[in-house]
Amino acid sequence: MDQETLERFLSDLPMGWVKYLETVGSTNNFASRWVKEGALDFSLVIANEQTAGKGRLGRKWVTLPDSALAFSLILKNPFPEQSVPNAFIPRITGLGALAVCTAIQKDYQLPVNIKWSNDLLIDGHKIGGILAEARWRGDELTAIILGIGINITSDSIPQGYSLNYPAGALEQYTGCSVDRLQLLVSVLREINHWRALLQENVFIDAWERNLAYKNEWVGVFQGNGHNDVPIYEGRILGLNPDGALRLGLWDGKEKSVYAGDIRIRPVDMLLK
Ligand code: ATP
Ligand code: BTN
């Protein structure tokens, strides 16, 4: 990949600024500086390697050279309607996750799904993740940085590092090699498509259809510790309009869970 090839592949998309980097700390941090410099809507920064890739809540996201997709897209005024309730903001994480799902489903016919809120799974293995970061001027939402990481070759799977979930890579499931640029274009097309529907019910419906462990029992954990006592256990029912996860509890009550410092695990995994 290089700058010129990247620009050629993206020529039929409504790109803002576009930058290819051999190596960077974190594409989200690079994009954050771009926002301050006045980057246009749909500006993209992509790197072959990240040395300080980030997950949620300061966790580490490993991007090894030549083996993964790691990029950040700047969405300015991301919602079609000007004034938007804050409750809609978590939909941006859904936008990234849904776009990756639908791109991989269309291009490779693979059963990829979303472990709420931000992880992409194939066959119970985490092949990617989303990190959406909002930027504000006062109480006005000015931009969202949508960071997406996808493990492509098996070399992308971190070694010698304790992972909090079994990891996988797309090529372990495709049986053929994956062109990173082609996949990038497919994901950006899907983002462009779903973005226009962000405030519609069809968006939540599509996000919900692609949830992993739907109707299955999961444990909900707080924090990053390896404590084995879930704060709730419940069956995944679906999503609320604000992107919260709806759980059906043992006593028949319903509980809405917000992303925050929360992790979910299928009950099967807890029993192992
Ligand atoms: P969990 O994944 O436990 O449900 P989470 O989704 O909040 O929690 P994230 O912050 O989304 O966790 O993801 C960061 C975690 O992903 C890291 O702590 C690490 O365990 C794992 N990880 C880091 N790099 C990779 C990678 N390239 N592939 C798969 N997993 C990775
Ligand atoms: C997660 O699972 O916690 C989210 C991982 C998000 C990783 C992507 S890679 C591109 C962008 N830059 C980062 O530093 N993080 C995101």
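A residue is classed as buried when its relative accessible area is under 20%, as exposed when that area is over 50%, and as partly exposed in between (1.4 Å probe, protein chains only). The structure is a predicted model, in which local features need pLDDT of at least 70 and side-chain atom pairs count only at pLDDT 80 or more, while totals for chains, interfaces and linings use all residues. Side-chain values use heavy atoms, with hydrogens and water left out, and residues are numbered from 1 along each chain as its sequence is written.

Salt bridges, defined as a side-chain nitrogen of Lys or Arg within 4 Å of a carboxyl oxygen of Asp or Glu, were searched for across the whole structure, and eight were found. Among them is a network that links Lys 115, Asp 119 and Lys 126. Lys 115 is buried because its relative accessibility is 3%. Asp 119, with a relative accessible area of 8%, is likewise counted as buried. Lys 126 is buried as well.

Another salt bridge joins the side chains of Arg 246 and Glu 254, with an N to O distance of 2.8 Å. Glu 254 has a relative accessibility of 49% and therefore counts as partly exposed. Arg 246 is also partly exposed, its relative accessible area being 22%.

Conventions: Chains are lettered from A and ligands numbered from 1 in the order in which they are written.
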